[in-house]
Amino acid sequence: MDQETRSAIMDRVDQEAYGRKLCLRLTELSDGYAMVEMVPGKEHANMFGMVHGGAIISLMDEAFQASCNSHGRVAVALNMNVAFHRPPKMGRKLKAESVEVHCSQKTASYEIKVWDEEGALIASCQALAYRKREVLPFLDR
């Protein structure tokens, strides 16, 4: 990945209102790979006081978005299949890692896993992206 693409995606994700609202932070980015972190707090709780599944899925989706667009072409989600393995503890850092499994001209598949700071697997996901022909609109090309 060239530095222009990496910087543009990092900046764009950092400015994303939804990601900021959920306190998501893109920490690593390379071709077909992304790591995103969050520390869930009260604002991420469900009715049982546990981390809401939607917050965990948003964490995964942010990593997916960054990794599938890392090639500089617009890519959008077609499918995400999520499995929850254990509830995370409130206030402990979560990390979502999105790894490209396969990439063709039109589609790309990813494996996404969420761990807590103790290394416990919280959730896993298989995701499929559709790759458009357009270059990312915020790149200067």
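A residue is taken as buried when its relative accessible area is under 20%. In this predicted model, Glu37 has a relative accessibility of 10% and therefore counts as buried. Glu37 belongs to strand E2. Leaving aside residues up to four places away in sequence, Glu37 is in contact with Cys23, Leu24, Arg25, Thr27, Leu59, Lys93, Leu94 and Lys95.

Strand E2 is part of an open sheet of six strands, arranged in the order E1-E2-E4-E5-E6-E3 with antiparallel pairing. The edges are formed by strand E1 (25-30) and strand E3 (73-84); each has a single partner strand, so one side of each lacks a neighbour in the sheet. From one strand to the next, the twist averages 20 degrees.

The pairing of E2 with E1 is antiparallel and comprises five bridges; within it, Leu29 has Ala34 of E2 as its bridge partner. The hairpin of E1 and E2 has two residues between the strands, and Gly32 adopts a positive phi near 70 degrees there. E2 is also joined to E4 by six bridges, again in an antiparallel arrangement, and Met35 lies opposite Glu97 in E4. Further along the sheet, strand E5 (residues 107-116) and strand E6 (residues 121-135) are paired antiparallel over nine bridges. Thr107 stands opposite Tyr130 in E6.

Helix H3 (residues 53-68) packs on this sheet and touches E1, strand E2 (33-38), E3, strand E4 (94-103), E5 and E6. The direction of H3 makes about 145 degrees with that of E3.

Two or more lining residues come from each of helix H1 (3-15), H3 and E3. The greatest contribution is that of H3, with seven residues. By residue class, the lining of the largest pocket contains eleven nonpolar, three polar and four charged residues.

How values were computed: Residues numbered from 1 in each chain as written. Predicted model: local features only at pLDDT ≥ 70, side-chain atom pairs only at ≥ 80, totals over all residues. Heavy atoms only, no water. Pairing = 2+ DSSP bridges. Helix = DSSP H or I, 4+ residues; strand = E, 2+ residues; numbered from the N terminus. Axes fitted to C-alpha atoms, helices over the stretch in contact; angles between N-to-C directions. Contact = heavy atoms within 4.5 Å. Buried < 20%, exposed > 50% of the residue type's maximum accessible area, 1.4 Å probe, protein only. Nonpolar A, V, L, I, M, F, W, Y, C, P; charged D, E, K, R; others polar.
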